[in-house]
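Have the model open while reading.

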Amino acid sequence: MLGKLMKYEWKNIWKAGTLMLLGMLVVTVIGCVVLRMPGGLVTEIADGNNMNATQSWFVLSSFVATLILYVIMLLASTWGMLIFLGIRFYRSMYTDEGYLSHTLPVTANQLFLSKVLVSGVWYLFITIGIGISVVALIVSLMTGLLNIGELSSVLTQYNGNIWEFLADAFYELGRTYEEEMGINLLHYGITLLLTYVAGPFITMVTLFGALTIGQLSSKHKGFMGILTYAGVTILSSIIGSTVQSAFMFGTNVMSSSGGFSVTTNMAYDINVITSLLIAAIMYGVSYYIMNRKLNLD
């Protein structure tokens, strides 16, 4: 039955998610074209070559406008999808539509889990799309910059292979971070990947849990759910920072007496564990409310 619930949920979400991904694709393509200007048109503008004042103003305006549009699109994709999924969950669970959902021959856990899984997958798609978009823009920008004057000789050393250049650049950057800041890149990379994949699902559990708590209110249930989500997010940050500070203080005391010292990786792990614990608590609270305290009045 869980599979059928997920299939139904997918049908109600895929159009909005696909539209946001297509919008991101269009803006990314435009951004990649415009960001090549630092190696061509913009450079000529700076040198005063081949362009009159009107052309220069038009190109620079296009460059700035595209960057602004790109930032707006990223924010709209992230927050827009989060808002859409939150509204979709609330309407299907705690409004008139919720009466039908809760009369289905399924458990509350199946209902909640189906929405978390499908919504989390789509939020992951958006996150991956943003990552690909940023990488595409960085490569486009670097390609343009490396074609400028003396910088082109850097790319010549790699036979024009921008990927080989970026690989070496990131390797050197990573080595510097590891030596100067004590970051174990393998540990950090694995943790970052797991967080990247699990993060959208953690966000969905936290958001849906907050909306579930909010529906206990007699008035303004949706608004109370939003306040609960904001409060839980802030609380999670405070708890993570507090535990991290206490852990660092304790390990620093131990290191001064010959014990071990805290690392940047350990500090990052604490934040990840805190998020997982908060999500687990929110899931448990949601399960309890839907089974014992459901209020659809």
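## Nonpolar core

The largest nonpolar core holds 40 residues. Met81, Phe89, Met204 and Phe208 have the most contacts inside it. At least two residues of this core come from each of helix 1 (2–35), helix 3 (53–94), helix 5 (108–145), helix 8 (185–214), helix 9 (221–256) and helix 10. The model is predicted.

Phe208 touches Leu85, Gly86, Phe89, Phe112, Lys115, Val116, Ser119 and Ser286, leaving aside residues up to four places away in sequence.

## Ser286 and its helix

Ser286 belongs to helix 10 (residues 264–292). Is Ser286 buried or exposed? Its relative accessible area is 0%, under the 20% cut-off, so Ser286 counts as buried. Beyond residues up to four places away in sequence, Ser286 touches Phe112, Phe208, Gly209 and Thr212.

An unreviewed UniProt entry annotates residues 270–290 as one of its transmembrane regions. In the model, that span is 100% helix, and its end C-alpha atoms lie 30 Å apart.

## Largest pocket

The largest pocket has a volume of about 430 Å³. It is lined by 17 residues; Ile202, Thr203, Thr233, Ser236 and Ser275 are the closest to its centre. Helix 8, helix 9 and helix 10 each give two or more residues to the lining. The lining has eleven polar residues, six nonpolar and no charged.

## Second largest pocket

The second largest pocket has a volume of about 260 Å³. Its lining includes Trp79, Tyr90, Leu211 and Tyr229. Helix 3 gives the largest share, six residues. Helix 8 and helix 9 each supply at least two. Nine lining residues are nonpolar, three are polar and none is charged.

Terms used
Residues numbered from 1 in each chain as written. Predicted model: local features only at pLDDT ≥ 70, side-chain atom pairs only at ≥ 80, totals over all residues. Heavy atoms only, no water. UniProt positions renumbered as here; feature names shortened; annotations may be inferred. Helix = DSSP H or I, 4+ residues; strand = E, 2+ residues; numbered from the N terminus. Buried < 20%, exposed > 50% of the residue type's maximum accessible area, 1.4 Å probe, protein only. Contact = heavy atoms within 4.5 Å. Core = buried A, V, L, I, M, F, W, Y, C linked by side-chain atoms within 4.5 Å. 1 Å grid on protein atoms, 1.4 Å probe; cavity = no way out; pocket = protein on both sides within 12 Å on 5 of 7 lines; lining within 4 Å. Points joined across faces, edges and corners; volume = space filled by probe spheres on them. Nonpolar A, V, L, I, M, F, W, Y, C, P; charged D, E, K, R; others polar.
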